[in-house]
Amino acid sequence: MRQHFPQQVNSTMAARGHVQDPNDRRLRPIYDYLDNGNNKMAIQQADKLLKKHKDLHCAKVLKAIGLQRTGKQDEAFSLAQEVATLEPTDDNSLQALTILYREMHRPELVAKLYEAAVKKVPLSEEYHSHLFMAYARVGEYKKMQQAGMALYKIVPKNPYYFWSVMSLVMQAISAQDEKLSQTMFLPLAERMVEKMVKEEKIEAEAEVQLYFMILERLGKCVEALDVIRGPLGEKLTSELQSRENKCMMLYQRLQRWPECNALAHKLLLKNPDDWQFYPSYFDSLFHLIDQSWSPPEEGEHCPEGAVHHTVADVVRFVEDRIKGEDDKDSRALRGPYLARLELIHRLRERGCPEESQLGEPLELMVQFFGKFGDKPCCITDLKIYLHLLSADQHVQFINRLSEAVPLGEQGDDGFAFPDDTKALQRHLCVCQLSRALGLHHALDVEGKLRLIAELKAHYRHGLKFGKNALKTELQFSDMYCLMAAHVYIDLWTDTGDEDMVWQSLGVLQEGLSHSPSNAQFKLLLLLLYCRLGAFEPVVDLYSSLDAKHVQHDTIGFLLTRYAESLGQFAAASQSCNFSLRFFHSNQKDTSEYIIQAYKYGAFEKIPEFIALRNRLNQSLHFAQVRTERMLLDLFLEADIVLSLEESVKAMSLSAEEDDIPWDTMRDNRDLTVFTSWDPKDRELTEEHRRRSLEEESVWLRLRSLTLRLLASLAPLGHSASQQNSEVTNENGVGDKSSILSSLLSQLNQTLQTAAQMAEKRVQYPFLGPPSTRLAPALSSGSCQCQAAALQLSVHIQELETVGLDEPSELQTQICNGFQSLVVQLQEILNKCKGDLLEMKESKLKTQPSLLENLIFFVETVCIVLWMAGHCAKILRPLKTSLQKKKKKKKKDANTAMPAVVCGFQELTGGLQDLLTQALEHIKGQETGLTALKLASLSLDGCPEDEAAFMKAAMDKVQSSYLRSLQEVGDLLKKRAETIKNLKI
């Protein structure tokens, strides 16, 4: 995307108004061309201008920008450096160079530029502030501190002084040594602010916020409290209850429970619906009880006022708040009613008998439903307190709620429907609660099918309320449709009947046709298609979700987990790019956010921006996408478009370096992105999350080691034959092979860990994290075969040192290795055989695991072929030198080929045969799939419109399988071509 020139470039001209610098007029056309993306014309125009005015530096820089944007980076850079060495001080050149360096991702050069400008024009406020911001871009906090103070000396304005203070705080945050930040940086920052406080120079809220931040980081909570409650605290006005929130936090840190309690109940009197203070109120009560606290005989309980230190006080307070709501004419607030349930939950946890004073949870929840059941939040409010009901109360509770739902007359199908959206919301809430209590899961197959019929009937009836809804609005009854899909999935997972998943897809596609913006429909469709091995429809679904910014990290895994493993290589590249583009721009964007925070004095946001940047850099998903993208590029291009060596070089891939932050890796996946009303025993647990992260990390380690091993293979074939073998051992190939051996031993260790993990067979909830490719990769045998192929490259290396003169054990070992690889690959290929999609008794059956195994076969063949290419490079010179020796000793009639050469020829023949088999299998599958006439499927018992949506879903799966087979076939054909280059 083309970057516009920042406004200030053009506004410098506007600022000068009618007294226009003639140079501005001359440069104007070049600016315009660059702004309109016409870079070639900009370069021509700049050349014209430079012929007449050789010393017009800005024209040179603008030409460099044009060159940079047309891909001539080196030319652009040398041109820019010509101007930079002259240390320009004119605004136009400086601004243009800044833009150029930013586009080159070289922000450190901007700092050098302004350092020179400041030396020449030492009193320029503008250049000094540009210098400060340039340091901010590269995170040079010490230099920022100095630049801030230099600015303050020239122009004594408060913001500049506090820029310097904040830079000290940033030195403290970024310091490796905690002691240094606590004894040097933060105390110095505190003294600098105190100086301003004493001189009564504090002007803005941001300055008080910064003072508070320093004291808080120093752990000086008492002093911070004095600041907040003193006159400086009055400046904190931008956020509602900013002072109260800060006081509450400090009281909790200082464990001043009386103040905490008094402040909480004071704030709750003001706003009984402010939920954040209820937990503090209840926590402080139990701390006071545990400490046996009692109020002083005389005077106030504490500086904040009266303290409620007994359960009776708190029960009375909550009951009073509820009475206040009951007596109101206007709509009641939910806070006090939920606070009563929260208090029961806490009292029950502690085994306090007083919980009975508050009432029976079942009655209270029925009462809550009576008041708020027509609000969509009712389900999320009540779901967290369902554990207060005993198991034998569940059915009674749902029956009581159903009585409170106004429904019309029963129709012919036996269902009664609501007359308005409020009644619909109540009925929907009852359905959601009964699912959350496990009543849906307890039904038998017949019961579940009846439930689905009812949910679908309610869904279709409810559509009439949203007839005039915009495309971007959701239908009132969408959740019925989603729930019906969930019950179908229950049936599929419980009975294995694949008909259920087709029905689920059908109902979701129908839902999406009425509510095209419903993200939950799209997410669930995406998951189901991936589970069926069909990636083609997923690409459009994901892009229609329009994931923004950080969502590429939190939900991107749904896409990247399946893309390559289902054989859609082009789509896999695209989905990796989606995520990578976001991660790479995050670096640049964060610097801009930090600069804006300095400009507007939002100091407390700066550490948050830095934390976000670190969190994204350490993201598990980022590491996975980087690794998978490089592997994918190698599978698709190495030895086809470029040689393996050139591909590795183009990626700047190094076997020695591991750029994955294993120790600080963050799992940023949002594993609760799917709406679910499952009961507690079916929900995602912390154990599931932990296991999933372990599994993801082991799979990532396997992929990362494979990638680094391939990188170490690439340059190994370079060395000449054995005459200078001693020398090469000293000069790096020996070093390379030691890296290779070290990586191989790590790979074997990781494979052992992986095997133990796969044995455990962790089952995640259906809507939980997807399993990795680890278990299928091991059961297909592809991991073991890849490791064996890479191990062989080490033996070949040894052969280079020994030579081919004498038959040796090493040669026999290598030949056995070659044979074993062919056998292993044949076994992997056998696991791909079978029909991806077949019709049995007019039912459609899928076997996506066959497709996944086919991809493992493709990946493994690629690695074996690269290993063979590496062998060929080493064997060719060895064979030539052996033939030369034999010519000299003509007497020796025995000219049999060395065993390893014969073995290698057998290997290439075996690979050729395997690829032919694989291509025949794919062709057979394509023919079979194309011949499947889905139109002839009789979907008995399905109404016509439902059947149409199901057929559409089936067509998508069929088309996706064909696309995958075609892409895999194309790649294998290209790989088969490369075998010709393996002749020795």
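Tyr281 and Phe317 are both buried, and their rings pair up in this predicted model. A search of the whole structure also turns up eight cavities of 30 Å³ or more, and there are 21 aromatic pairs to look through. Here's a quick tour of the rings, then the cavities.

**Tyr281 and Phe317**

- The Tyr281–Phe317 pair is edge-to-face, with 5.1 Å centre to centre and 65° between the planes.
- Tyr281 belongs to helix H16 (residues 277-290) and Phe317 to helix H17 (residues 311-326), so the contact ties together parts that are 36 residues apart in sequence.

- Of the 21 aromatic pairs, another one to look at is Phe132 with Trp163, which is stacked at 4.6 Å centre to centre and 25° between the planes.
- Phe132 sits in helix H8 (residues 125-138) and Trp163 in helix H10 (residues 158-174), so this pair links parts that are 31 residues apart in sequence.
- Phe132 counts as buried because its relative accessibility is 0%.
- Trp163, at 7% relative accessibility, counts as buried as well.
- Both rings belong to one aromatic cluster, made up of Phe132, Tyr160, Trp163, Tyr598 and Phe603.

**Another charge over a ring**

- Arg531 has its charged end over the ring of Phe766, 4.5 Å from the centre.

**The largest cavity**

- The largest cavity holds about 310 Å³ of space.
- Its lining runs to 22 residues, with Thr560, Arg561, Gln624, Glu628 and Trp699 lying nearest the centre.
- Helices H30 (557-563), H31 (569-599), H33 (620-637) and H35 (686-713) each put at least two residues into that lining.
- H33 provides the largest share, six residues.
- By class, you get nine nonpolar, six polar and seven charged residues around this cavity.

**The second largest cavity**

- The second largest cavity comes in at about 100 Å³.
- Residues lining it include Trp699, Leu702, Arg703, Cys783, Phe856 and Glu859.
- H35, H37 (733-760), H39 (782-802) and H41 (848-888) each supply at least two of the lining residues here.
- Sorted by class, this lining has seven nonpolar, three polar and two charged residues.

Conventions. Residues numbered from 1 in each chain as written. Predicted model: local features only at pLDDT ≥ 70, side-chain atom pairs only at ≥ 80, totals over all residues. Heavy atoms only, no water. 1 Å grid on protein atoms, 1.4 Å probe; cavity = no way out; pocket = protein on both sides within 12 Å on 5 of 7 lines; lining within 4 Å. Points joined across faces, edges and corners; volume = space filled by probe spheres on them. Helix = DSSP H or I, 4+ residues; strand = E, 2+ residues; numbered from the N terminus. Nonpolar A, V, L, I, M, F, W, Y, C, P; charged D, E, K, R; others polar. Phe/Tyr/Trp six-rings, centres within 6.5 Å; stacked < 30°, edge-to-face > 60°. Buried < 20%, exposed > 50% of the residue type's maximum accessible area, 1.4 Å probe, protein only. Lys NZ or Arg CZ within 6 Å of the ring centre and 35° of its normal.
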